[in-house]
Structures are given as structure tokens and as C-alpha cells.
Amino acid sequence: MGKGLSLWFACSSILILTAASIAISYSFWLALLLGFLCVMNIGWGFILKAKLRRKQESLSAD
């Protein structure tokens with residue numbers, strides 16, 4: 001995964017977690033939703049990283 005894409009996932013996760021921490025004082029359910037969204041964002045980053053790595057390995061094997 002490139003540095004720009006890694007930076008995107010890191011910054012977006014920080015922003016979502018920041019929003020979740022602010023939402024704790026307003027709505028428990030909104031904070032849970034944002035926390036779940038952050039976990040999904042991090043998971044999507046790992047999935048994308050694995051797919052890109054597999055694609056690069058298959059191209060280098062040829």
C-alpha cells in the first residue's frame with residue numbers, strides 16, 4: 001500500500017474516533033455507530049492492503 005493511501009486510512013480513522021469521542025457526551029448510540037464505522041474503516045484498510053500485496057506478488061511471479 002502506498003504512503004498516501006496509508007495516510008488516508010490513518011487520518012480518516014483518527015477523525016472518526018475523534019467524532020466518536022465527542023459524540024459520547026451527546027448520544028451513546030451515535031458513539032457506538034461511529035466506533036463501529038472506525039473498526040470497519042480500519043478493516044477495509046487491511047483488506048485493501050492484502051489485496052494489493054497479493055496482486056503485486058502475482059505480477060512479480062510472472
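Predicted model: local features only at pLDDT ≥ 70, side-chain atom pairs only at ≥ 80, totals over all residues.
I count a residue as buried under 20% relative accessible area, as exposed over 50%, and as partly exposed in between (1.4 Å probe, protein chains only).

Residues are numbered from 1 along each chain as its sequence is written, and side-chain values use heavy atoms, with hydrogens and water left out.

Fold next. I find two helices and zero strands (DSSP runs numbered from the N terminus: helices are H or I with at least four residues, strands E with at least two). The radius of gyration is 15 Å, well over the 11 Å from the globule rule for 62 residues, so the protein is more spread out than a compact globule. That radius is over C-alpha atoms, and the rule is 2.2 Å times the number of residues to the power 0.38. Along the principal axes, the C-alpha atoms fill a box of roughly 55 × 20 × 5 Å.

Then I looked up rings: there are two aromatic pairs (Phe, Tyr and Trp rings, six-membered for Trp, centres within 6.5 Å; planes under 30 degrees apart are stacked, over 60 edge-to-face, the rest tilted). Phe9 and Trp44 sit 5.2 Å apart at the ring centres with planes at 85°, so I log them as edge-to-face. They link helix α1 (residues 3-23) to helix α2 (residues 28-61), 35 residues apart. Phe9 is buried at 8%.

Phe28 and Trp29 are also edge-to-face, at 5.3 Å and 75°. Phe28 is exposed at 54%, and Trp29 is exposed at 64%.
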